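Take each one step by step.

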Amino acid sequence: MDRNMHSSPSVDQRMYELNQFADNVPGVLYQYRLLPDGKSAFQYASRGMLDVYGFLPEQVTEDATPILNNLHPDDLDRVSGSILESAESMKVWELQYRYIHPVKGVRWLEGRATPTKLNDGTIIWHGHIYDITESKEYQLELEKTRSRFQLTMEATNTGLWSWNLVSNQVSWSEITYQQLGYEAKAFGLSLDVFMSLMHPDDQSTTLKHVMESIQENFSFEAVFRLKHAKGHWVWIEGKGKVTAFDDEGNPIFMMGTHTNVSTLKQYEKELNISRERLVLATQSAGLGIWDYDSSSQVLEWDEGMFALYGVKPSEFTGTLDDWRKSLAPDARETVEKLFNESLISSDSLSFQFPIIRRSDDELRIIQCEAKILRDQQSVITRIVGINRDITDQESQRKRLEAEESKFRGLFEGSPVGIAMNDYQTGAFLDFNAAINEPTGYTREELKALSYWELTPEKYQEDELQQMESMEKTGRYGPFEKEYIRKDGSRYPVLLNGFKTYTSDGKAVIWSIIQDISSLKNAQKAIEVSEKRFSQLAVHSGTVTWEVDQQGLYTYVSPVCERVWGYRPEELIGKYYFFDLHPEQGRQQFKQDALMLMSQQQALTQVLNPIVHKEGKTVWVLTDGFPIFDDFGEMIGYQGNDRDISAQKLAEDKAKEIESKTNRQRKALDEIALSIAASDSVDNILDTACEHLAKALDADRALVYEINFTEQHIIGLNEWIDIDHNLNITSTLGTYPISLFAQGVSFMQSSNDWLISDDMNIHPALIDDGSHSILHQQMSIKTLCWYPFRFTHQGYKLLAFNWVKKNATLGQDEKDFLASVAQLIELASIKIQLLREQSDTQQRLDLFMQQSTSGVFITDVDGRYTQVNASGAKMLGYEPDELLGESIDTLTPEHQIERHHQLKK
């Protein structure tokens, strides 16, 4: 017994062999579970599930719906009924049915399974399903051959022809004429007529095949083009053989078939295009693909590998020595050792190594990724991989290391938090004091934690998006979230970061982490309208497309649904590229674009608006180039559109802000100049009306005085835009407050502006009925009233009207009006003070002239600044002689001390 135990394979080995057996059995071995509630799943399936059904086993372990949805509509009821019948009768389930494979299309499948019923009513079938498409099609074809010959010809669209080699007359069946779009017997046939229908490039080759067949007495096959009745070419596969000879053995009659293979030719063409796309993708990514067959020891390289290594195909021998020779000499032994060790212990390769590129003897760093394929005995059969040149990335990494010492000083002294975390685990590897101090942890405590332990669970999804962004771009952020302090409280932080590698190759994330608690407190008022940098753009937004010569879409990548709102199938064969251009300018755009296409010119970074399916405009940068068929004829264009809507919107917004800022700055300058140059409030208000209206792009501006004493609204100044011929009449005048009572009261109580437009009328204007005057009679679309200089007697009012459009006013316009109102108020006060000072000076001058008493005015140093005639005469001087003199010079010496004490 012990001997038997030692000689029998282990359970693991047995399971491995069973799994290998299951995975290599043609078709799929499976267990299908049907629950009492009707739900079903493939609780086990071999790897053949992917080949048979187009899904991985794990995709249908919990739910069989993906497969059930792909059953052929004509067979769906039959399959469902057979399963239910087997479940009720517990008889073996056997069926042949059609299935729409995601990749292969319609396939015929045959299945057989034995049902078992469990105690809870669940039924499990153990069975096998395999693809019988080839045999089924052969069976169907065999059934067709039993039909009459003519029906067979019609069903396969195969035409018959015969050729009398003596008379040179040719005969075609009805189908042969139909293949070219003609009615039967539409024209007489001879060899000359037949050759005139054939494409000139195919005539000599086809005729050669036919003549060799006649001379050597064997069947011929030839593919050639015949002209259709509508003018295009139809690809025909012709077959034939001599079927009759004269008494001397000379061939006299020949028969054969014509089959339309245009569809097959189209498939070949599309396959070539797909191959071109694959080559373009690998070239764009800078990848080289290689394949090594261990049994034959043959190494194959694609064009990308030859380019990476600088090797000419003629110099390539197809062995591993070609690769070894390119390795940098000082690293060759180490790299070969690493390569060989990976072959022993792993199913994949992933490492970097230096090479000397042969074309220029330049040192390059290569990243290798490969899959090692083994047989059931774990013997290597093939190795398939890719190479990528990462020299630039490695150079950058080394430069970063060289600058690390410089960075360290800034790192430690920075008031902003800087941290390095392990990319895989999130553990804190390095950080400065500005990181751990806000958290309440000591440095040692924080080192024991990970990035994720400081992050509230609600940010997990956002974190994953940032990680995806970093995988694509190498960077993440700006990103706002919260950190959890040691005491459990939270505080907001703003993060920016990037992914890099340490000197030992470990992936890490460097982050700039700023405590934005104070900033967040200041931003609460605008938090609703702005989620600051919470989700950056993570999509490239680039749509790849192909169009034919007329601009009709023949291929569009799936990303178009996210960028344009259309699914590919909504565009391909249905829309021309110019159909997505805005209606305004579409005809001109179409003419210009088709002209460029007719000239076969490439398109480079063309700014292009596209109308989204929802009606909005998407701005893209378009690149495109012509594509040609096998005969050098242009068949359309390939290209891509990159979504730059956000950038375009930002540019337009920046221009709008700059324009508005310039208008406001100009208005402030003009008003300030008016204040500096004028001592008239009316002049200042005239200037303010004009330039405030222009700054706000208003059609009319006025200044009113609200007088509670007189219960009047008094118009002081007005400006009307006459340049746009809007037929606006003046409204400057005096009005009773009662006419606008509620609006006046609202501004008095709120000390704030009042805005109303004809689509959203302010409640105060509805309450006093003034909306009908303002919005209906005066046709004002938007009005803005800004009150200022409040007193118990009333206040001033800036009023603006828009009649040609509705205006949108925000806080910045309010701040702007507040600053202007303050300037006007200060100017008014200044003018009033100047006037009062002038009046006072006039009264003082009059008093000095008329007074009979001496009047003396000195500065703080005791020097005379003003003396009237009576005072000067009293001292025996002229007034001018005393000006500037010190009072000490006129004071007796024995009273000087007393005089100084009085001054103190």
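**Exercise 1.** Find which residues of helix α15 are buried, and where they lie around the helix.

*Solution.* Start with the residues: in α15, Thr-391, Glu-394 and Arg-397 are buried (buried means under 20% relative accessible area, with a 1.4 Å probe and protein chains only). Seen down the axis of α15, its buried residues fall within an arc of 125 degrees, so they line one face of the helix; the arc is that of the directions from the helix axis to the C-beta atoms. Helices here are DSSP runs of H or I with at least four residues, strands are runs of E with at least two, and both are numbered from the N terminus. Finally, look for the partners: the buried residues of α15 pack against β13 (348-357), β14 (362-374), β15 (380-389) and β19 (490-501), where contact means heavy atoms within 4.5 Å.

A word on the model: it is predicted, local features need pLDDT of at least 70, side-chain atom pairs count only at pLDDT 80 or more, and totals for chains, interfaces and linings use all residues. Residues are numbered from 1 along each chain as its sequence is written, and side-chain values use heavy atoms, leaving out hydrogens and water.

**Exercise 2.** Work out which strands β16 is joined to by bridges.

*Solution.* First, β16 (residues 417-422) is antiparallel to β20 (residues 507-515), with six bridges between them; strands pair if DSSP finds at least two bridges. Here Asn-421 stands opposite Ile-509. Next, three bridges join β16 to β17 (residues 428-431), also antiparallel, and Met-420 faces Asp-430 there.

Technical notes:
Buried means under 20% relative accessible area, exposed over 50%, partly exposed in between (1.4 Å probe, protein chains only).
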